[in-house]
Amino acid sequence: MSNEFSIEVHELTKKFGDFTAVNEISFNTKKGEIFGFLGANGAGKSTAMKMLCGLLSPTGGMAKVAGFDIYKEREKVKSRIGYMSQKFSLYQDLTARENIRFYAGIYGMPDKEIKLKTSELLDRLHLHDFADVQIHSLPLGWKQKLAFSVAVFHNPEIVFLDEPTGGVDPVTRREFWEMITQTAQAGTTIFVTTHYMDEAEYCDRISIMVDGRIEALGSPEELKRNFGARSMDEVFIQLARPTADKIG
Amino acid sequence: MISIKSINKSYGAVMALNNINIEVSKGEIFGLIGPDGAGKTTLIRILTTLLLPDTGSAQVMNKDVVNDFRALRREFGYMPGRFSLYEDLTVSENLELFASIFGTTIEENYYLIEDIYKQIEPFKDRRAGKLSGGMKQKLALSCAMIHKPEVIFLDEPTTGVDPVSRKEFWQMLKKLKGYGITIFVSTPYMDEASLCDRIALIQDGHIMSIDTPNKIVSQFDGKLYAIISDKKHGLLKDLREFPSARSVFLFGSHIHYTDKNEELRKAELTDYLKLRGHDKIEILEILPVIEDCFLALMGNLKDAAHV
């Protein structure tokens, strides 16, 4: 295995009793790549993501994240990744500054560096005036941008984003994706799930999971060409539920 | 069926709803479209008698949401944004409970929910808390419909649901409309706008526009262009720096662009992009979608706030 890949997954499997949630999936992601991880609800995305974040043991196959084995080196995996989800990411009753310090501290960053980078970050997000208010009072869009910045604050090799833009207004959603693109260009791999199919187009490559398996993998252009579709929405519908048009 | 007049609602210093006026006719699918925090849930909670407006009034089926709240609660159907069925009752127990509370039986109005309920019937002895997201959503809709309401309020029924399940859910709503039921539904997904008869675009407690989806699209100010080149990442920045650019937004595989001039000088823009190293440039005039309108209206709202 070479180390040009930030994530290497080979026949990764997770069974719960008789039920196979993730069924022999294989893929690699490159450094600085934006990798879209799509699939219908219940297709196995969350289970796969939990394994890659070192939160759940696989029942088969292998995977390396940031060069570390997800069976044996789970703590090392955790220290080299960032994670953000729509539902939980920041502590609502801490301020922006406290949230940053808390997460940076967990990842073992030195105090001096935390102070310096906090100031830079608050500048970049135009958040200086609001740095010391509890974040539950901030608009959702600001919170999500701050949550993303906190998730990449310790400069992880990979950041996992689980529906990061759910419910966010269309302007902020686009600003968020510009942040993602810049972060990827600086070399961090972005592993992202979304239900917005226009966002699938912003990814370098996409995988689509159906019933625990990866049924399609490629760039948006390749997938559209292969499926004879004009948009990612059409690709998704063909794959995720071939009978969708017949129901109702 | 629903009449909302000058409703205002504040939470402390935050104005959650600012002078809301909406009329919904019988049998309409009316969509309230906007992001989280826009005021959608506040408005639905006022219409379902769970929250009092500060000022203004609203009637549902000719009954006042404040004065006639007891009578109203027996009539409308309501599917809240958060799953609020009894998780430790089974699927069929939940449905029976809702039927008996409203003084009816499952059999009496079964035809209304048959298509939806059939899909979860194989799991009718499973506790509701153990259902998948999609199944919970179908059960919640069944429970909200079992007393055959004339009006149903759905608060973000498709949030967090994948695109295919969302399409299926809207097919169910179309069917309910066929029975003459008035549907008031909120959603953060702009692409669901076209499935409604009429929509209101809501942001920061303001209704920015209210009309049929087609009319809203036809009111889009100026011409819209979809632009693409071989340099995906640089294109956004370069277009923003084009002197006559008015708005530049990422939009899936393309960038949506409007120009300050009435007529875009395509050749000029092409030359400008070539000079900045772009190739395979395509500039195509397109029809806007609701999200384009929402983005433009958000810009106006911001400008108005700064005046």
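Which two strands form a hairpin with two residues between them, and which residue in the turn has a positive phi? E1(B) and E2(B) form this hairpin, and B:Gly12 in the turn has a phi of about 60 degrees.

## Basis of the model

The structure is a predicted model, in which local features need pLDDT of at least 70 and side-chain atom pairs count only at pLDDT 80 or more, whereas totals for chains, interfaces and linings use all residues. Residues are numbered from 1 along each chain as its sequence is written, and chains are lettered from A and ligands numbered from 1 in the order in which they are written.

## Overall form of chain B

Chain B holds ten helices and 14 strands; helices (H or I, at least four residues) and strands (E, at least two) are DSSP runs numbered from the N terminus. Along the principal axes, the C-alpha atoms of chain B fill a box of roughly 70 × 45 × 35 Å.

Of the 307 residues in chain B, 44% are buried. A residue is buried if 20 or more other C-beta atoms lie within 10 Å of its own, exposed if 12 or fewer, and partly exposed in between, with C-beta atoms placed from the backbone. Among the contacts in chain B with a separation of 6 or more, 70% join residues 24 or more positions apart; two residues are in contact if their C-beta atoms, placed from the backbone, lie within 7 Å.

## Strand pairing in chain B

B:Asn19 is placed in strand E2 (residues 14-24) of chain B. The phi of B:Asn19 is near 55 degrees, a positive value in a residue other than glycine. B:Asn19 counts as partly exposed because it has 14 C-beta neighbours inside 10 Å.

## Helix packing in chain B

Two packed helices are described by the angle between their axes and the distance between the axes. The axes of helix H3 (residues 91-101) and helix H5 (residues 133-145) of chain B come within 8 Å and cross at roughly 20 degrees. Axes are lines fitted to C-alpha atoms, for helices over the stretch in contact, and angles run from 0 to 180 degrees between N-to-C directions. H3(B) and H5(B) are therefore roughly parallel to each other, a term for angles under 35 degrees, with those over 145 counting as roughly antiparallel, 65 to 115 as roughly perpendicular and the rest as oblique.

In this contact, B:Val91, B:Asn94, B:Leu95 and B:Phe98 of H3(B) meet B:Leu139, B:Ser142 and B:Cys143 of H5(B). The contact residues divide into five nonpolar, two polar and no charged. Ala, Val, Leu, Ile, Met, Phe, Trp, Tyr, Cys and Pro count as nonpolar, Asp, Glu, Lys and Arg as charged, and the others, Gly among them, as polar.

## An open sheet in chain A

Chain A has an open sheet of four strands in the order E2-E1-E4-E5, with antiparallel pairing. Strand E2 (19-30) and strand E5 (68-69) of chain A stand at the edges with a single partner strand each, so one side of each is left without a neighbour in the sheet. Strand E1 (residues 5-16) of chain A is joined to E2(A) by eight bridges, and A:Lys14 has A:Val22 in E2(A) as its bridge partner. Helix H1 (residues 45-52) of chain A packs on the sheet, touching E1, E2 and strand E4 (60-65) of chain A, and its direction makes about 120 degrees with that of E1(A).

A:Ala66 lies in the loop between E4 and E5 of chain A. Its phi is near 55 degrees, a positive value in a residue other than glycine. A:Ala66 counts as buried because it has 20 C-beta neighbours inside 10 Å.

## Surroundings of A:Ala147

A:Ala147 is found in helix H5 (residues 140-151) of chain A. A:Ala147 counts as buried because it has 22 C-beta neighbours inside 10 Å. Not counting residues up to four places away in sequence, A:Ala147 touches A:Met84, A:Ser89 and A:Leu90.

## Contact between the chains

The contact takes 29 residues from chain A and 32 residues from chain B. On the side of chain A that touches chain B, helix H6 (170-185), helix H7 (197-200) and helix H9 (232-240) of chain A each supply at least two residues. The largest share of that side, five residues, comes from H6(A). The residues of this side of chain A divide into 15 nonpolar, eight polar and six charged.

Conventions
Pairing = 2+ DSSP bridges.
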